[in-house]
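I opened this notebook to record what I looked up in the structure, one topic at a time. The entries follow the order in which I looked.

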4 protein chains.
Amino acid sequence: MKNVALFGAGRIGRIHAANLAALPGITLKTVSDPLIANARELAAAHGAQATATIDEVFADASIDAVVIASPTTTHSDLITRAAQSRKHIFCEKPVDLSVERAQACEKAVADAGVACMIGFQRRFDPTFNEAKTRLARGDVGTPEMLVITSRDPGAPPVDYIKQSGGIFRDMLIHDFDVFRWILDDEAAWLSATGSCLTDPAIGQAGDIDSTAVTIRTKKGRLCQINTSRRAAYGYDQRFEVLGSKGLLACGNHRPTEVVQATSGGTSVDNPEHFFLQRYREAYRLEVTHFFEQIQSGGAFRTTVADGVAAQRLADAAAQSFESGQPVLF
Amino acid sequence: MKNVALFGAGRIGRIHAANLAALPGITLKTVSDPLIANARELAAAHGAQATATIDEVFADASIDAVVIASPTTTHSDLITRAAQSRKHIFCEKPVDLSVERAQACEKAVADAGVACMIGFQRRFDPTFNEAKTRLARGDVGTPEMLVITSRDPGAPPVDYIKQSGGIFRDMLIHDFDVFRWILDDEAAWLSATGSCLTDPAIGQAGDIDSTAVTIRTKKGRLCQINTSRRAAYGYDQRFEVLGSKGLLACGNHRPTEVVQATSGGTSVDNPEHFFLQRYREAYRLEVTHFFEQIQSGGAFRTTVADGVAAQRLADAAAQSFESGQPVLF
Amino acid sequence: MKNVALFGAGRIGRIHAANLAALPGITLKTVSDPLIANARELAAAHGAQATATIDEVFADASIDAVVIASPTTTHSDLITRAAQSRKHIFCEKPVDLSVERAQACEKAVADAGVACMIGFQRRFDPTFNEAKTRLARGDVGTPEMLVITSRDPGAPPVDYIKQSGGIFRDMLIHDFDVFRWILDDEAAWLSATGSCLTDPAIGQAGDIDSTAVTIRTKKGRLCQINTSRRAAYGYDQRFEVLGSKGLLACGNHRPTEVVQATSGGTSVDNPEHFFLQRYREAYRLEVTHFFEQIQSGGAFRTTVADGVAAQRLADAAAQSFESGQPVLF
Amino acid sequence: MKNVALFGAGRIGRIHAANLAALPGITLKTVSDPLIANARELAAAHGAQATATIDEVFADASIDAVVIASPTTTHSDLITRAAQSRKHIFCEKPVDLSVERAQACEKAVADAGVACMIGFQRRFDPTFNEAKTRLARGDVGTPEMLVITSRDPGAPPVDYIKQSGGIFRDMLIHDFDVFRWILDDEAAWLSATGSCLTDPAIGQAGDIDSTAVTIRTKKGRLCQINTSRRAAYGYDQRFEVLGSKGLLACGNHRPTEVVQATSGGTSVDNPEHFFLQRYREAYRLEVTHFFEQIQSGGAFRTTVADGVAAQRLADAAAQSFESGQPVLF
């Protein structure tokens, strides 16, 4: 039986808490959140204890692992502290908005010899993961081209956007990780462009809401990513990979399989509303994977090094967009 | 907090146990199964106690409700005993293969004043339930025709078939319930035919494996049901209802949304393998509904009367098939 | 080069005329219609001559073949006269609403030694025909069950319905032919029911608008047909056949492949509006087949005997509906 | 009645000849091809006369219009000659591989006052055209992003590739035209990359087979185009446009609507094999449009100016790929 502490009792923290509660052999012992009311409510729902501090967690020798679901700005400190306290670490993406600090985390974890997994949950989505499995098995031959469509149903508040690090670091970080995972290759050339098309307030905050990124890999493979902060029809999460022997296309998940036909047309459900719905199963599977690999000593599917690599691509995309020139690696 | 006892530690019992364990405010106290090893294993997984007898359950005044997932032949006795012990009852379908005994259960429950819900889980399937909601809301006008396709991936062992009551009572019981639920109407005329086409051993056991049933309702609406014990491509569970203003069609659920295109064709996943996969969410939702309605005093979506009504239709279908003549109601 | 005469310059006659005009080696010589203005207009469009009589056609020794697209009541006379005049015959379905007269046509054709093909155009629909080809090739094993969905976008005028022979002879005649073609088997037991649900005027005219027919074949295979005179979403023409090794399902054709997703849902085009659109290619292919087989001396895919057999099933369905009892063959 | 001459009796010439033959009011008078045997065969099939020269066509005052379906290298000469001879012109894409020569054609046509349409047939594809209509009508709001997927089933012979002008001019010319047509905007920034991934012989011929192009328009809209010379599953021709209120996605056309489900999966037909099949209807519609607009004096949907503009984009893409830098307009 392993004892776990959770940092962050917000939206994503509640998802992790429920998944932890259902895992055999795992006890959610402590929920830490500076908003102690939130911590208490979530802790009570799962028979855990609440604290407003982080020190209490690190001082508790009975805690084997921590799950970090607090704001991005706290990630690198918590990873470093957890590593120093010899606790295994599951941390939500991103490691840090700064590649340097992310690399420092990587070193801290390595020095301490603890296991640290980064929550790129898309790698655990049943559809995406099945595509990866088939691709790796050679079902469509050698990969040549990847097209990623990644659109949010609507933009977050402008206050969030201002401190988000920009669309490439905040939103495309997932797509850059998918790119590396699916093509199993690294960028050689990256070009990014974009516009502010959905809301002038985003532009006034110094960001854009629509982007188009192209990457050529070291092996000459091609990747195109198109993203938008707004899709009127819901959370649009698809990719397709062209291989020498065929195509694997990952479609959206829909709440139901009802087809309705009237004089106005034949329609199906729109995609799942947003990431909490679409990736519900992925969140469950990634935490399961975390504890399985700790138990078995196996490698994580998503490491701190993956987090650093995705961050580098986000930095390069931001640089390319600002300069109007491609970035070479 | 409510204490619950579970009868039956088999395949479906394990599903219910896991769902009970995840329900806030519910404690699975006892697992009862004559195969005590099974009872113990399942009880241990959820921190419950095990017993090989049923008397222990009924003698335990702390138990508020029972979930009956034991073989069909035990259902009516357990319902009657539970009613007499003033425990609320969730019972897997069917109530009983005999309409008379099912009616006796209905009376026992009414006399005792306990709540009793029958596990017609399809009414809780998200897709089917959404179709019902839209139909009730008038999205496609007044219903006129219902076509149900209901095919198992493969036949059960012949030993099971011999004591199953026949395909109409064993397999179509669900479809008869869907018919009543979706059309919100009762049969006036029913005609059934069928054949043994997939395995001669089924015919030698006195049953058939392929059926075609047609019902005309009291309001003149039409329903056709086609079923088979074998579908090479998986568990085929669909229905579509034609209304005066359009169509609602419920498609199969698939494990993933991967589309694969090669020189051999463009393919999607086959349907979920069988009922444990397809109705996983429905099993969770029906048990949630059971405790919510007990709590609120609201009516169940599926009552003992529904179980009796479906059984009557199954009897009529068997009679029609044997006589080659329609049955009038 | 073959000279052809066309009887009937109405809706379906115009379709045939255009297809004849595009066939290499075929000359549309004469268009015959008692409404001479219609005959003249259609003839002029294709460089043919017009006549209001039928005698002129049969007296013209240069005419090798006739295409009969005039009203149903004229079919048997025209077939008989054409056979006597030693002209090959393509005749729209049905041969005749009376099985006896249809059989008389069969004999007249055989006696004269001319070729006579009946226009069951669905056998030439690219989708349906591909399904038949795969079924015959064994791609899904041995057929066991056929489900036909056949719904018109809206009912014809009541005046038409009054003289149509009733829904089984007017509308299901096509479905009965599909049944025989796809299952390659004959009916042993047939049960039909139905209702008037879409328009009371249809009931007042002595007909119904919604039917459900079930057939068990001599080999024990099962077929269910559901039809309606009204489908708000368009012309719904589908069937699916379950085989021992899988399923073949024929979906509707749609005008375009545009998918539109808005906040209101994700939608595709409704099916092609009606038979002239859906079976446009089938009409072209059946006439091509007619002349190819005349040229090569090969057998037609749809013979007068097929027309007679479909008519018998329509009669049986009408009888079953009226008596409330199945018909045995 | 208009007399037409056709240049080129090859694959695409035969398509045009058949479509011309079916047009009321149009007579295909002459087929010109230096391979006189081909010219004769095609002319005979449609009752036309054949010639191996072009002079004969231009000297024939009875010819009102020419259809140019000869090799690309002949286009600009034929356009110029036809303009000088005051004949209306339908010319297959591209106008010319050189923007300068294409502009000279534009001037020659304007000076002569004849009508000249360029055969960008995709604008006439029923699916693509329906998407354009809905977009123009505002059904999904203002366009923001366009993603074009354009993949051939297999590469042409290397000898063809050597003289094709390269993938951007030979294959993407269509996609550049679709970009301009759908977004109704012009490029401000274009970046292209690519690789040789399918066949080293293509690389040895100095070309690539896989490309990824991104365009930002003057209005800030984004477009991504991904193309490959090889798609194992067939001719993949799709685009989707994201608007402020939704998405319009154009899917592939398939030969039939058969769905086959076996233990190996559930599959539909692969896309139509190649452009002759996919754009069969588009070829018919564009020639119809040509003569309708000549008759009415209306504007063509695709002009020489469109041909010049697409050629400029192809040049820019080639330049961007070679330099590794974006091109600004």
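**Entry 1, chain D against chain A.** I looked up the contact between these two chains in this predicted model. I found that 42 residues of chain D touch 42 residues of chain A. The area buried between chain D and chain A comes to about 3100 Å², and carbon and sulfur atoms give 55% of that area.

How many salt bridges cross the interface of chain D and chain A? I noted 6. I looked up one pair by name: Glu144(D) bridges to Arg230(A), and their closest N and O atoms are 2.5 Å apart.

I then asked which elements of chain D give two or more residues to the side that touches chain A. The elements are strands E7 (143-151), E8 (187-195), E9 (210-217), E10 (222-228), E11 (236-243) and E12 (246-250) of chain D. Sorted by class, that side of chain D holds 15 nonpolar, 17 polar and 10 charged residues.

I turned to the division of chain A into domain 1 (2-114) and domain 2 (123-292 + 301-328). Their contact takes 24 residues from domain 1 of chain A and 23 residues from domain 2 of chain A. Taken over C-alpha atoms, the centres of the two domains are 26 Å apart.

I recorded about 2100 Å² buried between domain 1 and domain 2 of chain A, with 75% from carbon and sulfur atoms. On the domain 1 side, Lys93(A), Leu97(A) and Val99(A) lose the most area to domain 2, together 26% of what that side buries.

Helix H1 (11-22), strand E5 (88-92) and helix H5 (99-112) of chain A each supply at least two residues of the domain 1 side. H1(A) gives the most, with 6 residues. By class, I listed 15 nonpolar, 4 polar and 5 charged residues on that side of domain 1.

Last, I checked the UniProt record, an unreviewed entry, which places "domain: Gfo/Idh/MocA-like oxidoreductase C-terminal" on residues 132-327 of chain A. The end C-alpha atoms of this span lie 27 Å apart, and I noted 36% helix and 29% strand for residues 132-327 of chain A.

Notes. Residues are numbered from 1 along each chain as its sequence is written. Chains are lettered from A and ligands numbered from 1 in the order in which they are written. This is a predicted model: local features need pLDDT of at least 70, side-chain atom pairs count only at pLDDT 80 or more; totals for chains, interfaces and linings use all residues. Side-chain values use heavy atoms; hydrogens and water are left out. UniProt positions are given in the numbering used here, feature names are shortened, and annotations may be inferred rather than shown by experiment. Helices (H or I, at least four residues) and strands (E, at least two) are DSSP runs, numbered from the N terminus. Domain bounds come from an automatic or database domain assignment. Contact means heavy atoms within 4.5 Å. Buried area is the accessible area (1.4 Å probe) that two parts lose on being put together, summed over both. Ala, Val, Leu, Ile, Met, Phe, Trp, Tyr, Cys and Pro count as nonpolar, Asp, Glu, Lys and Arg as charged, and the others, Gly among them, as polar. A salt bridge is a side-chain nitrogen of Lys or Arg within 4 Å of a carboxyl oxygen of Asp or Glu.
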